Amino acid sequence: MPEESGNKRSQAVVLTLIGLPMAAIGIANAFPDHLAQRNFYTDRAACERDYTTAQCEQGGSSTSSGYSWHGPYYSSSSASSSDPGPGRTGQITHTEVSSRGGFGAIGRGLRAVG
Amino acid sequence: MRRETLVPRPDWPAKVEALGLDFHTTNGEPYWWESACYAFSAAEIDVLEEATDTLHDLCLQAVEHVVTTGDFAQLDIPEAYWEWVAASWRRRDPAIYGRFDLVYDGSGPPKMLEYNADTPTALLEAAVVQWYWMEEVKPGCDQFNSIHEKLIAAWADLRAQHPHIPAIYFTGVSDEPEDLRTFEYMRDVCGQGGWQTEQLDISQLGWNGSCFTDLAERRIAAMFKLYPWEWMLQENFGSHLLDDSAAFVEPPWKMLLSNKAILAVLWEMFPDHPNLLPASFERNKIAGACVKKPVHGREGDGVRLIGEADGGSTRPGLVYQAACPLPVFDRMHALIGSWVVGGQAAGIGLREDRNPITANTSRFVPHYFR
């Protein structure tokens, strides 16, 4: 049968990502439990007492709670050494903690597709 | 419908690997099997296409029924998530794809065994690898397989509807080669549909107290996850799904269709439908031999054939479906996986096995028609 537009198959199948060696794409390994945190402030001036102007950003996920400015994330497990700010001034209104590793436990060792 | 024996291409491993199918052999046994193929007539393909569209329509009616009646308990979904799932359906959160498992031998109506509507497997094989096989081995023939171009179109439609979403994140268990290649392939067609895409392992997803985040702590607005909903609900971040506003593909309402309990719901709603098999939560309502299926089973796991004289269990979480043996060709039991993409029948892929129950080791065999 000659190929024609009425066929039930894709006219072309072009791949742009797939077919690359896995190493070229980068396989993520299971990510260990990990905590990071960032501090929120009521205003920019309060934030800039702890961080540089460039490190302070407006918005973020806690904005709806009234904390409108925040500093950068740093590791919770080594907060004293990884916090890029020069030190606390007591103006923090909220510390937001970000965690990982909450999905994937069942799937590791089992196949996810069916 | 018939099975043809073929001489495989001598360099077939390199050819399928070039297309991303680097899991073509498992434990020394080829998973991609081109020493045979299945041949159909155009009329048989039309029957499969129509049955698939019909079944998808019935399934959407079944979802509406479950949401309207609120009868989630028999699906073994935790009560805390019932309203969340229902809201996903009421919003008509968009879905991209799914795959029916059908029994069909070329005569009579195809019968639905189940609907893999959440995390269907064998996508790359069906959409891409068998397409290239046919171009080379059966030139001039046709194949029921517009999966690739329908996926691109479905993602492009979604892009047009949601221009404000900056990117879609692709996630799953990335150290499982088949899972990785499947969501990479989906990422590929998503990108061709006009989306910016990102990728991370499912264990790398972050939660910052109010939303899911990527490794740079950016909010994730939309996510394709190759990870079953029933697992996500059980895991540590499961309860955060209720607080987050990210859009998921496949959406939460799809967990109603990937659940084997939907088989009993469908039979109750559409008794004697030619594309359905009798199914019930009660063994004694199914005459003759039947198959016992866990509602959350995957790839044949926990599926048991039960004889006519065997009673069932009153244990919750089980569905009984009338036995409908797969057709046997050259001593191989053949199962048709029929794909739905963007709400339309899009193509088929065949699995075969010496065992009457298809499992994750069952071979994928290409097809053509004329």
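Is Glu96(A) buried or exposed? Keep that in mind as you go through these close-ups, which all come from a predicted model.

**View 1. Glu96(A) and its partner Tyr73(A).** Let's settle the opening question here. You'll find Glu96(A) in strand E5 of chain A. Glu96(A) has a relative accessible area of 1%, and the cut-off for buried is under 20%, so this residue counts as buried.

**View 2. Where chain A meets chain B.** On one side, 47 residues of chain A take part, and they are in contact with 77 residues of chain B. Together the chains bury an area of about 5,100 Å², with carbon and sulfur atoms giving 53% of that. The interface also has 32 residue pairs in polar contact. Several elements of chain A each bring at least two residues to the side that touches chain B: helix H1 (22-25), strand E1 (34-41) and strand E5 (94-100). The biggest giver is E5(A), with 5 residues. Sort the residues on this side of chain A by type and you get 25 nonpolar, 14 polar and 8 charged.

**View 3. A salt bridge between Lys8(A) and Glu49(B).** How many salt bridges does the rule find across the interface of chain A and chain B? There are 7. One of them links Lys8(A) with Glu49(B), and the closest N and O atoms of this pair are 2.5 Å apart.

**View 4. Strands pairing across the two chains.** Here E5(A) turns up again, this time next to strand E9 of chain B (residues 206-207). These two strands run antiparallel and are joined by 2 bridges. To find your way around, look for Ser99(A), which stands opposite Trp207(B) in E9(B). As a bit of background, strands of a sheet pair through backbone hydrogen bonds, either parallel or antiparallel.

**View 5. A mostly covered helix, H8(B).** Now move into chain B and pick out helix H8, residues 261-269. Of its 9 residues, 7 are buried. Those are Ala261(B), Ile262(B), Leu263(B), Ala264(B), Val265(B), Leu266(B) and Trp267(B). What lies over them? The cover includes helix H2 (42-69) along with strands E6 (111-116), E13 (279-280), E14 (290-294) and E16 (318-322), each of them in chain B.

**View 6. An open sheet in chain B.** Some of the strands that cover H8(B), including E13(B), E14(B) and E16(B), show up again in this view. The sheet has 4 strands in the order E13-E16-E14-E15, with antiparallel pairing. At the edges sit E13(B) and strand E15 (304-306) of chain B, each pairing on one side only. Follow E13(B) to its neighbour E16(B) and you'll meet 2 bridges between them. A handy landmark is Ala279(B), which stands opposite Gln321(B) in E16(B).

View 7. Ile77(B) belongs to the loop between H2 and helix H3 (82-90) of chain B. Which residues does Ile77(B) touch, not counting residues up to four places away in sequence? The answer is Phe72(B), Trp82(B), Leu233(B), Met255(B), Leu256(B) and Asn259(B). Look for Gly317(B) as well: Ile77(B) and Gly317(B) are 240 residues apart along the chain, while 9.9 Å separates their C-alpha atoms.

Technical notes
Residues are numbered from 1 along each chain as its sequence is written. Chains are lettered from A and ligands numbered from 1 in the order in which they are written. This is a predicted model: local features need pLDDT of at least 70, side-chain atom pairs count only at pLDDT 80 or more; totals for chains, interfaces and linings use all residues. Side-chain values use heavy atoms; hydrogens and water are left out. Contact means heavy atoms within 4.5 Å. Buried area is the accessible area (1.4 Å probe) that two parts lose on being put together, summed over both. A salt bridge is a side-chain nitrogen of Lys or Arg within 4 Å of a carboxyl oxygen of Asp or Glu. A polar contact is a pair of N or O atoms within 3.5 Å; within protein, one must be able to donate a hydrogen and the other to accept it, and residues adjacent in sequence count only if both atoms are side-chain atoms. Ala, Val, Leu, Ile, Met, Phe, Trp, Tyr, Cys and Pro count as nonpolar, Asp, Glu, Lys and Arg as charged, and the others, Gly among them, as polar. Two strands pair if DSSP finds at least two bridges between them. Buried means under 20% relative accessible area, exposed over 50%, partly exposed in between (1.4 Å probe, protein chains only).
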